[in-house]
Amino acid sequence: MGKVLTIDTEYANYPQVASAYLLEEEGHGVVVETNTTYAIPRILKVMETEGIKPENLDYVIVTHVHLDHAGGAWALLEACPNAILLAHPKTAKHLIDPSLLIKSATSVYGKENFDSLYGEIKPIPKDRVRVMEDGEWLSWKGHSFQFIYTKGHANHHFCIYDQKTNGIYTGDSFGISYPHLENGQRFIFPTTTPTDFDSIEAIHSLERILDTGAEVAYLTHFGPIGNLKENAGDLKEGLILCQEAISNLETIPKEERLPFMESKVKAMIQTLADKNSITLTESDWKLLRLDVNLNAQGLVYAFEKKQPKV
């Protein structure tokens, strides 16, 4: 059996925040998730160390189009001339023509932060992109990959189950677990970033992931974890807390919704940490600040998009 390597992409210059994965078989490779353009030299360096030439990277797979997962896909394909991108149809559309993607992300982060986090993004030639349908299988050097659509975090999200390793690459559909916050222990919490969060769909996606029978979830944020049933229970609890917070927004003035929701997201994360006997330090909360803000934005957006137009 070949290797599955976790690559720390050092997203936003932080260690153990976002990972890419390299699968190696017979000198050939598959990369799952690319992070940003800034991460591509790191991925190529690991490929070189493992003896995988750029021309022997066969596939690049991204779980969804959010730029901490797919922003560097164009650059990796440019460096690896024979690789084909495997993507959800809605993801493929926006990577072939990233203009709306760039505009949307810039509106969320601001131009300066966008440039700092993601750098340049170029279109990917259509003939180097293959759309994968829900439930579709792909064989590669003894591996059988199944692509499973998992709405909730985003409506263009899929996970990739690998029958050979009995592992599943979950993107953001199986939450976030940062090793550097946990003193060697694991706790997990959902991610609800803009703009497609749906708690009911997210819970359904947890069930689809468990139904594969996978023993390992390869999280993008961060690294492989086991105990999927127990972790799914924590994620479901967190998602229910998020849905309850959304329902409370009806009584909150518009200008107070974001700070209110940030307090609810912090409370949700604290609840799940406490459940697992994890003490979060002031330094931990500093590292979680962006997640708290973006998750809160996603929950406010989920509430507001369902309100009647005035």
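These legends go with close-up views of a predicted model.

**View 1. Two domains in one chain.**
Let's start with the overall layout: the domain assignment of the chain gives domain 1, residues 3–229, and domain 2, residues 242–306. Their C-alpha centres lie 24 Å apart. Where the two domains touch, domain 1 brings 23 residues to the contact and domain 2 brings 24 residues.

**View 2. The area buried between the domains.**
How much area is buried between domain 1 and domain 2? The value is about 2000 Å², and carbon and sulfur atoms give 66% of it. On the domain 1 side, look for Leu181, Phe187 and Phe197: they supply 27% of the area that domain 1 buries against domain 2, more than any other three residues.

**View 3. Polar contacts and residue classes.**
Now for the pairs that link the two sides: five residue pairs, both members at pLDDT 80 or more, are in polar contact between domain 1 and domain 2. The count of salt bridges between these domains, by contrast, is zero. Sorted by class, the side of domain 1 that touches domain 2 has twelve nonpolar, eight polar and three charged residues.

**View 4. The largest cavity.**
A probe the size of a water molecule, rolled over the atoms, shows where empty space is left. In this model, two cavities of 30 Å³ or more are counted. The largest cavity holds about 100 Å³ of space. Which residues come closest to its centre? Of the 14 residues lining this cavity, they are Asp172, Ser173, Pro190, Ala202 and Leu239.

Notes: Residues are numbered from 1 along each chain as its sequence is written. This is a predicted model: local features need pLDDT of at least 70, side-chain atom pairs count only at pLDDT 80 or more; totals for chains, interfaces and linings use all residues. Side-chain values use heavy atoms; hydrogens and water are left out. Domain bounds come from an automatic or database domain assignment. Contact means heavy atoms within 4.5 Å. Buried area is the accessible area (1.4 Å probe) that two parts lose on being put together, summed over both. A salt bridge is a side-chain nitrogen of Lys or Arg within 4 Å of a carboxyl oxygen of Asp or Glu. A polar contact is a pair of N or O atoms within 3.5 Å; within protein, one must be able to donate a hydrogen and the other to accept it, and residues adjacent in sequence count only if both atoms are side-chain atoms. Ala, Val, Leu, Ile, Met, Phe, Trp, Tyr, Cys and Pro count as nonpolar, Asp, Glu, Lys and Arg as charged, and the others, Gly among them, as polar. On a 1 Å grid over the protein atoms alone, a cavity is a set of points where a 1.4 Å probe fits but cannot get out, and a pocket is an open set with protein on both sides within 12 Å along at least five of seven lines; lining residues have an atom within 4 Å of a point. Grid points are joined across faces, edges and corners, and a volume is the space filled by probe spheres set on the points.
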